[in-house]
Amino acid sequence: MMVLITLRLRQNVKLTILRLRFSLTNQHNMPLRYPSVILLLLLALAACTPQDARPIPTALPAGDAANGEVLFTSRIGNQVECSSCHSLDGSRGTGPSLLGYGEVAGRRRSGMSAQEYTVRSIVQPGDVVVPGYSNIMPSNFGQHLSDQDLADLVAYLLSQ
Ligand code: HEC
């Protein structure tokens, strides 16, 4: 029974593909066809792009550390607070403690300033994983943070 159903299904799919091919090759409005194919390809590409993608801003406005502190202890998007994974007193949590972070940030990656490294750590944490930790920091914070929010967070973290 199952075999029969499977065969039927296969035949149906083959027939559909044949019909589709036929209708594509039989269209006379060639100039219309290519743009729609390209449009379909673009749509497919957009669907494949990871949702977390957010360009890393190259220049940020001046940051306000006080607002950065508020953000650090608030829920952003659907995630838990930064402070629930990062302590500020040196104790190890799910993520590294940010005690003395202002000192180390600029030395984490050669050629990356403390600010660049911090922005990347927040927007695309998978790119700059701290040795000894797993790549489990949520990667969608960037979607919920404006450039100003990012600048504020960076100012706050670098003041630690
Ligand atoms: C679910 C836990 C979790 C949450 C929530 C989280 N992080 Fe992280 N974070 C990590 C882990 C684990 C690492 C180490 C691995 C890595 O670098 O991705 C890390 C690394 C970092 C680093 C690099 C630290 C270093 O010493 O180089 C920074 C900066 C950072 N996080 C900032 C933030 C900020 C800001 C937020 C909130 C917007 C946040 N994190 C939320 C888990 C978390």
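Predicted model: local features only at pLDDT ≥ 70, side-chain atom pairs only at ≥ 80, totals over all residues.
Residue numbers start at 1 in each chain and follow the sequence as written. Local features require pLDDT of at least 70, side-chain atom pairs count only at pLDDT 80 or more, and totals for chains, interfaces and linings use all residues.

The chain has seven helices and zero strands. Both element types are DSSP runs numbered from the N terminus (helices: H or I, at least four residues; strands: E, at least two). The order from the N terminus is α-α-α-α-α-α-α. Of the 160 residues, 20% are buried (20 or more other C-beta atoms within 10 Å of the residue's own, with C-beta atoms placed from the backbone). Among contacts with a separation of 6 or more, 62% join residues 24 or more positions apart. Two residues are in contact if their C-beta atoms, placed from the backbone, lie within 7 Å.

Helix 3 (residues 65–72) packs on helix 7 (residues 147–158) at about 95 degrees, with the axes 7 Å apart. Axes are lines fitted to C-alpha atoms, for helices over the stretch in contact, and angles run from 0 to 180 degrees between N-to-C directions. Helix 3 is therefore roughly perpendicular to helix 7 (65 to 115 degrees). Helix 3 contributes Ala65, Asn67, Gly68, Glu69, Leu71 and Phe72 to the contact, and helix 7 contributes Asp149, Asp152, Leu153, Ala155, Tyr156 and Leu157. Seven of these residues are nonpolar, two polar and three charged. Ala, Val, Leu, Ile, Met, Phe, Trp, Tyr, Cys and Pro count as nonpolar; Asp, Glu, Lys and Arg count as charged; the others, Gly among them, count as polar.

Helix 5 (residues 114–123) also packs on helix 7, at about 115 degrees with axes 10 Å apart. Ala114, Gln115, Thr118, Val119 and Ile122 of helix 5 meet Leu150, Leu153, Val154, Leu157 and Leu158 of helix 7. This contact has eight nonpolar, two polar and no charged residues. Within helix 5, Tyr117, Thr118, Val119, Ser121, Ile122 and Val123 are buried. Their cover includes helix 6 (141–144) and helix 7.

The ligand is surrounded by 28 residues, and the closest are Cys82, Cys85, Gly95, Tyr133 and Met137. A residue is near a molecule if its C-beta atom, placed from the backbone, lies within 6 Å of it. Helix 5 and helix 7 are the elements that give two or more residues to this shell. Helix 5 gives the most, with three residues. By class, the shell holds 18 nonpolar, nine polar and one charged residue.

Note on methods: Parallel < 35°, antiparallel > 145°, perpendicular 65-115°, else oblique. Buried ≥ 20, exposed ≤ 12 C-beta atoms within 10 Å, placed from the backbone.
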